[in-house]
Amino acid sequence: MKTRLLSVMFELTALVSSATTVMWDFPRTGSCHEGIPFADGKTGVLVWGGGDTVNLTVGRGDLWDHRGGYPWTEEQNYTNIIALVEKRDAAGLKAMFSQTVPENWNPSGSVWTSRYNPYMLPLGRVVVRIPGVELKRGELDTATGLGKLVLSDGREIGLAMSKAQGVFAMKMPEGLDYFPFVHPATDFPIYEQLLKGRGFKRAKQTSSLAFTWELPADKPVSLECENCPLRGRTLYVWTNRGEPSPRPTLASVGFVGIAADSREHWRAFWKEGARITVPDPEVQELFDFGMYKFGSMTDPDGFPAGLQGQWLEDDRLVPWNGDYHFNINVQMCYSPAFRGGHTEHLLPLFKMVKSWWPRLRENARLFCGVEDGFVLPHSVDDRGVCIGGFWTGTIDHGSTAWVADMMFRYVKYSGDREFLKTDAYPFMKGAMKVYRTMMEDRDGALSLPTGPSPEWGGASFEMAVGRNPSFQLAAAHRLARNLIAAAKLLGETPDPMWLDVEKRLPLAAIDDAAGGIELFEKRPFNESHRHHSHLAGLYPFDIFDPADPATARTLALSYANWKKLGVSAWCGWCVPWAAVLHLHMGEAEASVETLRAWEHYFMNEGRGSRCWPYHRGYSTLALGRFDAAGKPVEGQEIMQMDGQCAAVAALMELMVHEVNGKPEFFRGCPAAWKDVSFENIRLSDGTSVSGRRLNGKVEIRR
């Protein structure tokens, strides 16, 4: 009887925890990223606007201009890099990773877009005028994916997106006059300011509700609408690559069918995945809405999600080219997949990475002479072409190792042994061969002569690279341990080289007198920074044994030093990471309050996940993006999904946290949460667990 009551309790908890209704006050006109988000893993729609105008900003996750990029060269080998580092030749390194820009190439545009690189493109906007009424409120039910706009006269516009149909729909109330128009990105000033100078032609408007855009080097893209004022008063929106294609079933399916598709999809999503219930409405919404956005932008049949998923601006280039940033950002975007039980959402990403294997093998050959290795730069397009010229990111082999760790974590959480055999294991082995070639054997120990700590240094050559970067050491150890574990799963004997790396490579550069874990040997962690890379061995790589007294002392000193230097240079995506670091050190209150700080400072008024702070007072990384009144400058929104997804993953860690494979339940839940529960959270051994803590009493169901 007790077991049945506990089962009923968990079922009721699940019904409550996945039923948050998120509210928007209108107008929402500061940025499209203040809008209500919908996506099907391929096309994204943001619903925003004000007065009598509804804007639908539409983007696609595969819309790249593939021209340009930085191919690896013979000169960019590890031996040459070490020699230039030892000579402190910053100019030589910059020249080695420079790029020739074609004549007549217009380099102007967003400061966040490199001058001659692949970059993601804006698509267009659907503008719907509804004369005589005004937008007052928006709602989104995260349990069903259904939304609505409430008008000043009390009538409602229904909103829904069908992943099965690949269509977004707006259901208009009876008697409401509305006038939709479609505007391609080339209607906006970005065309004259930037796109025209880069060889783009204007999109061809095939009707007031459709256009096709021929691209200079890629297949065309189209945005199309079908307006059915007499058959259900529904406006449908979809996109295509290639020529426009008709949607003859839309009128017969109708909004009712689109809404039914949405309900069924999200019912299955929430049933198979993790849910939490906490007695704090803001934290509850943070989880439910964040998991909804993760499930919208990723899909087993969708495109791999970059920094913004499919929610790209329609009138400007997306910051940082919209690239795949593998030194933490992609990892954070996909972090809810593991504990959240949605591991199949990782597969499009891994499929894309596998398509790059020939390029990544060539990178490894040029970089360090390894014929069967892999080297993945930190910033690439969807073909694996290096973006940038930020040389320390280009040679950051931790990016390769971290993707290998994602692959092995997928295997552990999903139990997919076939993927381990065909994809993860070969990739892991190739990544380790490169790491071992980079190492030198000196005084009985292995070491890395030079390497970066991600995103450190900037213009300061002295801080960019150093000997034995703690981040790279941690990544190499995690890779070695994963390889040893993978060999065991496959019934193979581990390569003695992996065992040797695990035995003789330092876990980190450590000087307890200087504050514990250092950035590099003889380079203490001495300033606030957005990338907590020197603590990656603590989290996410989990290579330390806190039961060892000497290790515990080093970790305590490192944690204290990190806290002392503070948050002044933190950006959005590093705050949830910090929350888990607090949790790892047993500070539940600090962990939760850090997530609250992320929500307050790095989420805009429409719940868009920002890179830079939205308010003063927390971080100095405003970079001038505020007006005299302290408000963000309009048009300077930098939305990235990494922070929002990482916050979701961190909230699951509050419930279930593992150190060296040993789970602890409710470790991050403050004592003030008298009744807190979770359902269907995945452990690293692939099993699922549910639990409840009521007035201090814990019950766990496996």
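**View 1. Salt bridges across the predicted model.** A search of the whole structure, which is a predicted model, finds 40 salt bridges. Among them is the pair Asp-218 and Arg-383, whose side chains meet at 3.7 Å, N to O. This pair links distant parts of the chain, since Asp-218 sits in the loop between strand E14 (210-213) and strand E15 (221-228), while Arg-383 sits in the loop between strand E19 (379-380) and helix H11 (391-394), 165 residues apart. Asp-218 is buried, with a relative accessible area of 11%, whereas Arg-383 is partly exposed, at 46% relative accessibility.

**View 2. The salt bridge of Arg-339 and Glu-658.** The side chains of Arg-339 and Glu-658 meet in a salt bridge of 2.9 Å, N to O. Arg-339 belongs to helix H8 (residues 336-339) and Glu-658 to strand E26 (residues 656-659), so the pair ties together parts that are 319 residues apart in sequence. Both Arg-339 and Glu-658 are buried.

View 3. Glu-679, in strand E28 (residues 675-682), and Arg-701, in strand E30 (residues 697-701), are 22 residues apart, and they form a salt bridge in which the closest N and O atoms are 3.3 Å apart. Glu-679 counts as buried at 10% relative accessibility, while Arg-701 is partly exposed at 27%. Elsewhere, Arg-125, Asp-314, Asp-315 and Arg-316 are linked in a network of salt bridges.

View 4. Cys-645 is buried at 0% relative accessibility, and Cys-386 is buried at 6%.

**View 5. The surroundings of Cys-32.** Cys-32 is found in the loop between strand E1 (21-25) and strand E2 (36-39), where Cys-32 is buried, with a relative accessible area of 7%. Leaving aside residues up to four places away in sequence, Cys-32 touches Leu-46, Trp-48, Thr-57 and Glu-313. Cys-32 and Glu-637 are 605 residues apart in sequence, yet their C-alpha atoms are 9.0 Å apart in space.

**View 6. The largest cavity.** There are 5 cavities of 30 Å³ or more, and the largest holds about 60 Å³ of space. Its lining includes Phe-38, Met-161, His-265 and Tyr-292, and by class the lining has 5 nonpolar, 4 polar and 1 charged residues. Strand E2, helix H5 (250-272) and helix H6 (281-297) each supply at least two lining residues, with H5 giving the most, 3 residues.

Notes:
Residues are numbered from 1 along each chain as its sequence is written. This is a predicted model: local features need pLDDT of at least 70, side-chain atom pairs count only at pLDDT 80 or more; totals for chains, interfaces and linings use all residues. Side-chain values use heavy atoms; hydrogens and water are left out. Helices (H or I, at least four residues) and strands (E, at least two) are DSSP runs, numbered from the N terminus. Buried means under 20% relative accessible area, exposed over 50%, partly exposed in between (1.4 Å probe, protein chains only). Contact means heavy atoms within 4.5 Å. On a 1 Å grid over the protein atoms alone, a cavity is a set of points where a 1.4 Å probe fits but cannot get out, and a pocket is an open set with protein on both sides within 12 Å along at least five of seven lines; lining residues have an atom within 4 Å of a point. Grid points are joined across faces, edges and corners, and a volume is the space filled by probe spheres set on the points. Ala, Val, Leu, Ile, Met, Phe, Trp, Tyr, Cys and Pro count as nonpolar, Asp, Glu, Lys and Arg as charged, and the others, Gly among them, as polar. A salt bridge is a side-chain nitrogen of Lys or Arg within 4 Å of a carboxyl oxygen of Asp or Glu.
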